[in-house]
Amino acid sequence: MSLDSNTNDILALLEGFTLDNPDDIARQITDSFRKRRVEKNITRQRIAELSGVPLSTVARFEQKGLIALESLIKLAM
């Protein structure tokens, strides 16, 4: 995969977001994550167990939009 292809993939992830400011983007990501988790009837505890991300990190992410990139990737996987 070329650098241009990787850049296009990354930019495609952001297409649905209005790039007004970082806080708005973080809120959209966290709202989407929480909505999908609830729709699948998965508790925060279970998503923490499945991903290896501490429960406190999952809660902080959903409540404040704060998360390390590595933890976000683990949740996405």
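**Chatting through the helices and the core**

Me: Let's start with helix α3. Which of its residues are buried?
Reply: In this predicted model, helix α3 covers residues 44-51, and its buried residues are I47, A48 and S51.

Me: And where do they sit around the axis?
Reply: On the same side of α3, because they cover an arc of only 105 degrees around the axis.

Me: OK, what covers them?
Reply: The cover includes α2 (22-39), α4 (55-64) and α5 (69-76).

Me: What follows α3?
Reply: G52 follows α3, and the phi of G52 is positive, near 80 degrees.

Me: Moving on to α4. Which residues are buried there?
Reply: T57, V58, A59, F61 and E62 are the buried ones in α4.

Me: What do they pack against?
Reply: The buried residues of α4 pack against α2, α3 and α5.

Me: And which residue comes after α4?
Reply: That would be G65, with a positive phi near 75 degrees.

Me: Now the core. Which residues make up the largest nonpolar core?
Reply: Seven residues in all: F33, I47, A48, V53, V58, F61 and L75. In general, nonpolar side chains in soluble globular proteins tend to be buried together.

Me: Which elements give two or more residues to this core?
Reply: Those are α3 and α4.

Me: I'm looking at F33. What does it touch?
Reply: Leaving out residues up to four places away in sequence, F33 touches I47, V58, F61, E62 and L75. I47, V58, F61 and L75 are in the largest nonpolar core along with F33.

Me: Switching to S71. Where is it found?
Reply: S71 is in helix α5.

Me: Is S71 buried or exposed?
Reply: Buried, because its relative accessible area is 15%, and buried means under 20%.

Me: What is S71 in contact with?
Reply: With neighbours within four places in sequence set aside, S71 contacts V53 and T57. V53 belongs to the largest nonpolar core, and T57 is one of the buried residues of α4.

Me: Where's M77?
Reply: M77 lies in the segment after α5.

Me: So is M77 buried or exposed?
Reply: M77 is exposed, because its relative accessible area is 82% and exposed means over 50%.

Note on methods:
Residues are numbered from 1 along each chain as its sequence is written. This is a predicted model: local features need pLDDT of at least 70, side-chain atom pairs count only at pLDDT 80 or more; totals for chains, interfaces and linings use all residues. Side-chain values use heavy atoms; hydrogens and water are left out. Buried means under 20% relative accessible area, exposed over 50%, partly exposed in between (1.4 Å probe, protein chains only). Helices (H or I, at least four residues) and strands (E, at least two) are DSSP runs, numbered from the N terminus. The arc is that of the directions from the helix axis to the C-beta atoms. Contact means heavy atoms within 4.5 Å. A nonpolar core is a set of buried Ala, Val, Leu, Ile, Met, Phe, Trp, Tyr and Cys residues joined through side-chain atoms within 4.5 Å.
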